[in-house]
Amino acid sequence: DLETMGFFQRPIILFGIATVDHNAIRISQFLLRDMAEELPALIALRTELDDDAVLVTFNGKTFDIPYLRGRYAFYGEPPEMKNPHFDILHTARRQWKHVMPDCRLTTLENRLFGIAREGDVPSSMVPEFYATYLATGNAGPLVPIVAHNRQDLVTLARLFFHLREALFAGG
């Protein structure tokens, strides 16, 4: 999951990865202290992803993967992402489009798992929070960004397993 400074060709400020192993979830987050850390974070992300890792995203086909490719290309790095990729958004739409008001991640999170985010920073406000951090040096505005990203990762993992069970159970 990515948090960015805006739409395409703007820096990524937080990279979040969740790995699931033996019913445990491990979350790694790469938070940039300043924009000069974007390239090292992109390289760390590539290092973190095993060649055989399957990427599971929510709207990653349209957003995350093209965004990452664009940022790698910006730095003259090879933009390809060779990992297999599964975008949950499309499966979620097929599964729940007739029973959910929409298939936003927070809607699915609330309706399927009973989670209502309290004090969550809207994605549209992330650039403003990060800019405040850069201007003041106060790390306080970063806390809700990191929490938002973490919750997205946890929900994405839960949603993946929920969909897997529903699809293999025929429901």
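Contact here means heavy atoms within 4.5 Å. Helices (H or I, at least four residues) and strands (E, at least two) are DSSP runs, numbered from the N terminus.

## Basis of the report

This is a predicted model, in which local features need pLDDT of at least 70 and side-chain atom pairs count only at pLDDT 80 or more, while totals for chains, interfaces and linings use all residues. Residues are numbered from 1 along each chain as its sequence is written, and side-chain values use heavy atoms, with hydrogens and water left out.

## Helix α4 and its cover

Helix α4 spans residues 105–113, and its buried residues (under 20% relative accessible area, 1.4 Å probe, protein chains only) are L105, T107, L108, E109 and F113. The cover over these buried residues includes α3 (88–96) and α6. Just after α4 comes G114, with a positive phi of about 70 degrees.

## The packing of α3 and α6

Two packed helices are described by the angle between their axes and the distance between the axes. Axes are lines fitted to C-alpha atoms, for helices over the stretch in contact, and angles run from 0 to 180 degrees between N-to-C directions. The axes of α3 and α6 come within 11 Å and cross at roughly 50 degrees. The arrangement of α3 and α6 is therefore oblique, the term for angles that are not under 35 degrees (roughly parallel), over 145 (roughly antiparallel) or 65 to 115 (roughly perpendicular).

The crossing of α3 and α6 is left-handed, which means that the near helix is turned anticlockwise from the far one by less than a right angle. From α3, the contact involves I88, T91, A92, Q95 and W96, and from α6 it involves L156, L159, F160, H162, L163, A166 and L167. Nine residues of this contact are nonpolar, three are polar and none is charged. In this count Ala, Val, Leu, Ile, Met, Phe, Trp, Tyr, Cys and Pro are nonpolar, Asp, Glu, Lys and Arg are charged, and the others, Gly among them, are polar.

## Nonpolar cores

A nonpolar core is a set of buried Ala, Val, Leu, Ile, Met, Phe, Trp, Tyr and Cys residues joined through side-chain atoms within 4.5 Å. The largest one has 24 residues, and those with the most contacts inside it are I13, F15, L45, L68, M81, Y130 and I145. Two or more residues each come from β2 (12–21), α1 (38–48), α2 (60–74), α5 (126–136) and α6 (142–168). The greatest contribution is that of β2, with five residues. Another core, of twelve residues, lies apart from this one and has L89, L108, L156 and L163 among its members.

Not counting residues up to four places away in sequence, Y130 touches M5, I13, L32, R33, D34, M35, L142 and I145.

## Helix α2

The buried residues of α2 are G60, D64, I65, Y67, L68, G70, R71 and Y72. They pack against β1 (2–4), β2, α1, β4 and β5 (85–87). After α2 comes G76, whose phi is positive, near 75 degrees.

## Two asparagines with positive phi

N23 is found in the loop between β2 and β3 (24–31). Its phi is near 65 degrees, a positive value in a residue other than glycine. N23 has a relative accessible area of 85% and is exposed, the term for values over 50%.

N59 lies in the loop between β4 (55–57) and α2. Although N59 is not a glycine, its phi is positive, about 70 degrees. With 26% relative accessibility, N59 counts as partly exposed, a class that runs between the buried and exposed limits.
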